[in-house]
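I opened this entry to look up two things.

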Amino acid sequence: MQAMRISGGRPLSGHIKISGAKNAALPALAASLLAREPVLLRRMPNVVDIRTMANLLASIGAGVEARPDSYLIQAAGDLDPVAPYELVKTMRASSLVLGPLAARCGRARVSLPGGCAIGSRPIDMHLDGLKTLGATVRQDHGYIEAVAPSGGLIGGRIQFRRPTVTGTEDLLMAATLANGESVLENAACEPEVVDLADLLTKMGARIDGAGTPTIRVDGVDELTGAEHAIIPDRIETGTYLIAGALAGGELSLEGTCRQHLEPVIAKMRQAGCLIESPDDSTLVLRQTPQLLSVDVTTREHPGFPTDMQAQFMALMTQAEGTSNVVETVFENRFMHVLELQRMGADITIGGNTAVVRGKAALTGTDVMASDLRASASLVLAALAANGTTTVHRIYHLQRGYDRLAEKLTGVGASIEFIDE
Ligand code: EPU
């Protein structure tokens with residue numbers, strides 16, 4: 001296992017190129033199972049979760065060709081519609097193949113994902129949606145099996161209890177090949193859902209309303225091949241904005257999408273960060289004169305993203321005043337708090353609110369990463385800390401950040417990998 005040793009207190013300056021969004025690339029790979037013709041996905045991030053999903057597609061029987069920054073998927077032949085425990089246990093997003101397999105093969109057998117560091121994270125809404133599309137769903141031996149009627153899935157009206165990102169994506173994919181019209185209500189509006197709809201539309205799907213709470217899908221008999229570039233990673237971008245604000249200095253983030261970052265930019269500006277946008281794909285962070293405390297509550301898009309909560313909390317440890325950080329999307333997403341406290345942060349948790357009192361003097365120590373975004377917050381805190389921080393279990397970071405250490409050292413951070 002590897003750890004990351006970070007020496008804090010160095011200002012960052014220079015350019016960082018933003019990679020494709022992991023959470024858009026994952027459903028795009030799953031969507032390629034819907035067509036017999038090749039699907040070429042460009043701007044794919046170089047992260048472990050993408051390789052896991054590619055391995056899953058290969059085990060299902062798709063041809064997978066990994067090229068630098070792109071993947072060519074060809075699901076031409078017969079598929080074995082099974083997602084085994086060994087793969088699902090390492091990545092919950094494997095459940096994204098449920099919908100495409102049920103639609104394309106008439107059957108999907110996917111291991112139940114089990115527990116997770118950020119909450120119980122059930123997939124009941126994925127399953128209820130498939131039932132609405134006519135599938136029979138049963139569970140045995142830890143697996144979920146969804147079987148479509150003999151003539152295929154049937155269009156239906158799916159009402160989500162609350163917006164779910166991968167649930168919306170899963171059922172959007174299933175609905176593209178269902179017979180007749182489907183309506184997804186209270187659907188997730190995240191940019192990653194819109195990107196998936198864009199890809200599916202290029203493949204011949206008929207979709208209206210992606211990015212709004214009501215998505216209409218007119219089922220077609222088959223989908224074709226397509227070529228698609230994944231949207232930039234808004235969470236990676238936000239993480240580097242906070243890195244710059246914490247470490248000091250000036251950063252230019254290139255190849256991003258300003259519009260997707262609006263909720264994060266708005267909060268950072270309130271906190272005193274100077275962020276400019278010379279064009280829609282570039283964000284420039286100027287030297288922050290003084291960080292001020294602001295409250296933040298995570299919400300579904302276009303609210304403040306839960307995937308930026310841990311990083312924003314690291315920022316608030318260095319702001320003057322008291323900040324309330326409220327997590328409403330996941331039930332247990334404060335695993336980074338104990339580790340930040342070990343670095344000297346003054347944070348107390350009551351229910352789903354963390355009260356952060358700044359400005360705390362952070363000092364380097366050994367900390368343990370627990371999930372992807374928690375790990376990122378520890379790296380960010382380490383950049384602002386006095387001395388050296390060793391972040392253990394960094395495999396979490398490698399699941400979702402494309403060459404994070406390389407990108408940060410490229411702008412002046414001091415980071416080295418150590419084997420342990
Ligand atoms: N939920 C249910 N039942 C379901 C599905 C979801 O109760 O069937 C609940 C969840 O437990 C949670 C809420 O609904 O409380 C919203 O969860 P959602 O389904 O939207 O999350 P997800 O689709 O599993 C994706 C991202 C997460 C991100 C969330 C929220 C991917 C692969 N994952 O997860 O990303 O935090 O949406 O935006 O797209 C990450 O990248 O670090 C990450 C965790």
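I started with the domain bounds, which come from an automatic or database domain assignment. The model is predicted. With those bounds I checked the ligand shell: domain 1 (2-18 + 232-419) and domain 2 (22-229) each give at least three residues to the shell.

Next I looked up the make-up of the shell. I found 23 residues around the ligand. Ten are nonpolar, five polar and eight charged. The closest are Asp124, Thr164, Thr166, Asp307 and Val329.

Which helices supply at least two residues of the shell each? I noted helix 1 (22-31), helix 5 (124-132), helix 6 (165-176) and helix 12 (372-384).

The side chain of threonine 164 places an N or O atom 2.6 Å from an oxygen atom of the ligand. For threonine 166, I read 2.6 Å between a polar side-chain atom and a ligand oxygen. Aspartate 307 has a side-chain N or O atom 2.6 Å from an oxygen atom of the ligand. I also checked the cover: the ligand alone exposes 830 Å², and the protein buries 89% of that.

Last came helix 2. This helix runs over residues 48-60, 13 residues in number. I read 18 Å from its first C-alpha to its last, close to the 18 Å expected. Which of its residues are buried? I listed Asp49, Ile50, Thr52, Met53, Ala54, Leu56, Leu57 and Ile60. In an α-helix, residues three or four places apart point the same way, because there are 3.6 residues a turn. Just after helix 2, I noted glycine 61 with a positive phi of about 120 degrees.

Key
Residues numbered from 1 in each chain as written. Predicted model: local features only at pLDDT ≥ 70, side-chain atom pairs only at ≥ 80, totals over all residues. Heavy atoms only, no water. Helix = DSSP H or I, 4+ residues; strand = E, 2+ residues; numbered from the N terminus. Expected span 1.5 Å × (residues − 1). Buried < 20%, exposed > 50% of the residue type's maximum accessible area, 1.4 Å probe, protein only. Near = heavy atom within 4 Å. Polar contact = N/O pair within 3.5 Å; in protein donor to acceptor, adjacent residues only side chain to side chain. Areas by Shrake-Rupley, 256 points an atom, 1.4 Å probe, with all protein chains shown as cover. Nonpolar A, V, L, I, M, F, W, Y, C, P; charged D, E, K, R; others polar.
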